[in-house]
Each structure stands twice: as C-alpha cells, then as structure tokens.
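Subject: Structure handover and notes

Hello,

Please find the structure below, followed by notes on what was found in it.

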Amino acid sequence: MADRIEHDHSGDGIDRRGFLKCMAWAGTGLVWTASAGVMGCRQVGDESNKAAPPAEFSFVQISDSHIGFRREPNTDVAATLQEAVSRINALPQAPAFVLHTGDLTHLARADEFDACQQILRGIRGGEVHYVPGEHDVFTDQGRIYMERYGRGAHGSGWRSFDHRGVHFVGLVNVMSLQGSQLGQLGREQLDWLRQDLAGKTDSTPVVVFAHVPLWSVYPQWGWGTEDAAQALALLRRFGSVTVLNGHVHQILQRVEGNVTFHTARSTAFPQPAPGSAPSPGPVRNLPAGRLRSTLGVTTVAYVEGRGTLAITDPTLAEGG
C-alpha cells in the first residue's frame, strides 16, 4: 500500500497510513490533553495512561447530529446521539462544557432543534456552546438557530470565551455554503477575530471551533474555508492553537507549525474518505452492524503547564 492517498488533488499530502489509523478509531470520543502544544492520543479506557497527570479540566466536542435525518445508514439518529451522550456521561472526568460544531439538525426545523436540545440536556455537567452548520441555517438564513443559540454571540453566531487560562473562539463559516462551495468567514468576522485576539498574550492556549474545516481537506467537495488563511495568520503568534471542526464526518488530523487541526466524527452517519467517491454524502453501503463503529464525539482534557493534547476515541460499538 502506498504511504500517501492516491489521486490526492488537494496538495495537502495526507498520509495514507495515518489516515487509515485515524479511520480505525471510529467512535464516540477523543480525550485530549494539552502540554506545550504537542498532541498525543489514546483510546478511552486505555489503561496505559493511568500514570498521566490529572487534567485541569476537560471538554467535549460533538458534531453533525443531523436530527431529522431518517435514511440509510441510520434511520434513528436520535438514538445514536443519545448513545453518545451516555458515553460522555460515563467519562471518569465530567467535562466542564461541550462544544457542538454544527449540523445539529438536518433541515433546520423547530421540532428538530427541540429534539436535539432535549437529548443534549441529558449531558451531566457544563454548558453547551454552539456554532451552526449549513444544515442549521440554509432554510431560513439562520433565524431559528440564532433565536435559540445566538444570545451573546456576534454577527451570525461567532463568539469567544475563556476558561482557566484557555481562550476559546467559535467561528461561523457556513452562511453562504451551498453544494461544493467552500466555507467563508467574511471580512466582518475576521475584523472581529483580530480585535478578539488582540488582548491575548502569545502564551495563551487557543482553541478554535467551527463547522467547516479551516484547512483544505478536499476543496473539490467544499471541504475547506476560502479565507481561512487570513484567520490562521492571526493565530500564528500563539504558541498552542487547536482547531476543531466537523462537517466531514470522519477523523482527520493535520499539524502546521504550532497549529493542530482536527475534524470530528458525526453522531449520525459517516461520509466517504476524501476523493474516494463521486461526491460526499452518507455512506449507505455499510456492512451489517458497522454503523456504530463509524460514529463519535471528541473529548479534550487540558493539563496546565504541559500543553500536550491527549486524544481518546472509543466507538459506540465498544463496551458501553
């Protein structure tokens, strides 16, 4: 097997072995720890990490719930979202909060938002912070989404907050997203981001969360953000930057200097690997019993002064 993905037209040079290893982790969670900006990973329940120092706090990323989707390969996306919540509640360290990186719903209907919110209320512990996916805004330009989740946000939903010395920035790059178009942040949001970061020291750890990836995963399918380079230029001065995205329904990672990019699995259905199918969309021909091994959420644990991110990703098919 070649070490690189064949027919890779993106110019990103995704490593094939690394990509397949990440795909094998399909599941409900990743546990991250931060230490000097270096990323590490382990599966939830991996006993080899018992000697690791306790995290200062942890948080969870959940993405692409697509409540309202009722086709193959998952005709009950509410049930798999509930399974993910149960997995989160079983973590040995309760998360301080949850980040949802968009596509809560499939058609942006009020009843879909209601159903998603009802399930997520079952998460024990902290608040849920949201950014929209294109499925949350495309029918009404985000009116219902903003009525429910826009309090305290700027523009079409971008926001920031601080937690125990870590700065979190939620960006919105889906308002003009259609078909295979790339995501876009826009000048107003970029100006806000510049001002938001201006008061932070270079040593402040920064976590950015958005729906569409901020690196060019596969532009032919719209898996990237047109003006991401301008946002990343504002982030380069920070010693530790982690960028969390959804949209592609699979785990892909990339490191560029001090910036680590990570895309999360969906809790609803997988999508094909970049360029491996004629177009993106739900993978419908999954072998029997394999759905839950392709779904997941991301858990992140921060250890002050160490800066490493330790990642765990168990599957819905494992244990629990």
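In these notes, a residue is buried if its relative accessible area is under 20%, exposed if over 50%, and partly exposed in between (1.4 Å probe, protein chains only). This is a predicted model, in which local features need pLDDT of at least 70 and side-chain atom pairs count only at pLDDT 80 or more, while totals for chains, interfaces and linings use all residues. Residues are numbered from 1 along each chain as its sequence is written, and side-chain values use heavy atoms, with hydrogens and water left out.

Overall picture

The protein has six helices and 13 strands. Helices (H or I, at least four residues) and strands (E, at least two) are DSSP runs, numbered from the N terminus. Of the 320 residues, 57% are buried. Contact means heavy atoms within 4.5 Å; among contacts between residues at least 6 apart in sequence, 77% join residues at least 24 apart.

The loop between E3 and H2

Strand E3 covers 57-62 and helix H2 covers 77-89, and Asp64 sits in the loop between them. Asp64 is buried and has no salt bridge; Arg265, the nearest side chain of opposite charge, is 11 Å away. A salt bridge is a side-chain nitrogen of Lys or Arg within 4 Å of a carboxyl oxygen of Asp or Glu.

Asp64 does have polar partners. Its side chain reaches the backbone nitrogen of His247 at 2.9 Å and makes a polar contact of 3.1 Å with the side chain of His249. A polar contact is a pair of N or O atoms within 3.5 Å; within protein, one must be able to donate a hydrogen and the other to accept it, and residues adjacent in sequence count only if both atoms are side-chain atoms. Leaving aside neighbours within four places in sequence, the residues in contact with Asp64 include His100, Asp103, His211 and Ser266.

Most residues other than glycine have a negative phi, and most peptide bonds are trans.

The loop between E4 and H3

His106 is in the loop between strand E4 (97-100) and helix H3 (110-120). His106 counts as buried because its relative accessibility is 13%. Not counting residues up to four places away in sequence, His106 touches His66 and Arg71, among others. Ala108 is found in the loop between E4 and H3, and has a positive phi of about 60 degrees although it is not a glycine.

His211

His211 is in the loop between strand E8 (206-209) and H6. At 0% relative accessibility, His211 counts as buried. The side chains of His211 and Glu134 are joined by a polar contact of 3.0 Å.

Helix H5

Which residues of H5 are buried? They are Gln189, Leu190, Trp192, Leu193, Asp196 and Leu197. Seen down the axis of H5, these fall within an arc of 160 degrees (taken from the directions from the helix axis to the C-beta atoms), so they line one face of the helix. On the other side of H5, Glu188, Gln195 and Ala198 are exposed. The cover over the buried residues includes strand E6 (159-163), strand E7 (166-170) and helix H6 (228-235).

Regards

Key:
Lys and Arg count as positive and Asp and Glu as negative; His and the chain ends are not counted.
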